[in-house]
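Let's take a friendly walk through a protein model. Keep the picture open while you read.

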Amino acid sequence: MPDNLPELRDIHLPDGVSAFPPAYGWWVILATIIALVALIYMISIIRRKSKKLYALHLLQNIYCNNTIASAVEMSGLLRRICIFKYKEAITLSGINWINFLNSKTKKPLADKTAELLLNAPYIPQNSKGFAQSDVIALRQFCKNWIGENL
């Protein structure tokens, strides 16, 4: 019988286990985490935009048939936004309220429009002191203000 022992090799240990590439389960966990982060980010964007869209929808539904009533509703809408976003503006009234609104926008209120916004709750509903163009200017101001602050 021939001697085959010199041809045999010694026992070899296998190579060490590498960290890369990771197992499929780790890829699934990583993809799940990335998807959750992206979902949370998308939900926050949608929530922010939905507030703005809702406020603009409310503004659009304020009709200009009665200038005083429309101005009162627009003032109420601006107050509701300030209750949500600017807690310090809740107690403001008069010229301080107008100055606060003007400080938060690039296009401040004009004199006649500011007077309409300021005095609308105290003017009788059938008063003819303000024109339709004042309400249109106030609506445009509210639209710009909502766009910049929500």
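## Before we start

This is a predicted model, where local features need pLDDT of at least 70, side-chain atom pairs count only at pLDDT 80 or more, and totals for chains, interfaces and linings use all residues. Residues are numbered from 1 along each chain as its sequence is written, and side-chain values use heavy atoms, with hydrogens and water left out.

## The aromatic rings

You'll find three aromatic pairs in the structure. Rings of Phe, Tyr and Trp (its six-membered ring) pair if their centres lie within 6.5 Å; planes under 30 degrees apart count as stacked, over 60 as edge-to-face and the rest as tilted. Take Tyr-86 and Phe-100: their planes sit at 80° with the centres 5.4 Å apart, so this pair is edge-to-face. It links distant parts of the chain, since Tyr-86 is in the loop between α2 (67-85) and α3 (95-103) while Phe-100 is in helix α3, 14 residues apart. Helices here are DSSP runs (H or I, at least four residues), numbered from the N terminus.

Phe-100 also pairs with Trp-97, and that pair is stacked, with 20° between the planes and 6.4 Å centre to centre. Both residues lie in helix α3, three residues apart, about one turn of the helix. Tyr-86, Trp-97, Phe-100 and Trp-145 make up one aromatic cluster.

## Buried or exposed?

Buried means under 20% relative accessible area, exposed over 50%, and partly exposed in between (1.4 Å probe, protein chains only). Trp-97 has a relative accessible area of 2%, so it is buried, and Phe-100 counts as buried at 9%. The C-alpha atoms of Ser-18 and Leu-101 are separated by 62 Å, and the two are 83 residues apart along the chain.

## Two helices side by side

How do α1 and α5 run relative to each other? The axes of helix α1 (residues 24-60) and helix α5 (residues 132-149) come within 10 Å and cross at roughly 175°. Axes are lines fitted to C-alpha atoms, for helices over the stretch in contact, and angles run from 0 to 180 degrees between N-to-C directions. The two helices are therefore roughly antiparallel (angles over 145 degrees; under 35 is roughly parallel, 65 to 115 roughly perpendicular, the rest oblique).

Residues in the contact (heavy atoms within 4.5 Å) include Leu-56 and Leu-59 of α1 and Cys-142 and Ile-146 of α5.
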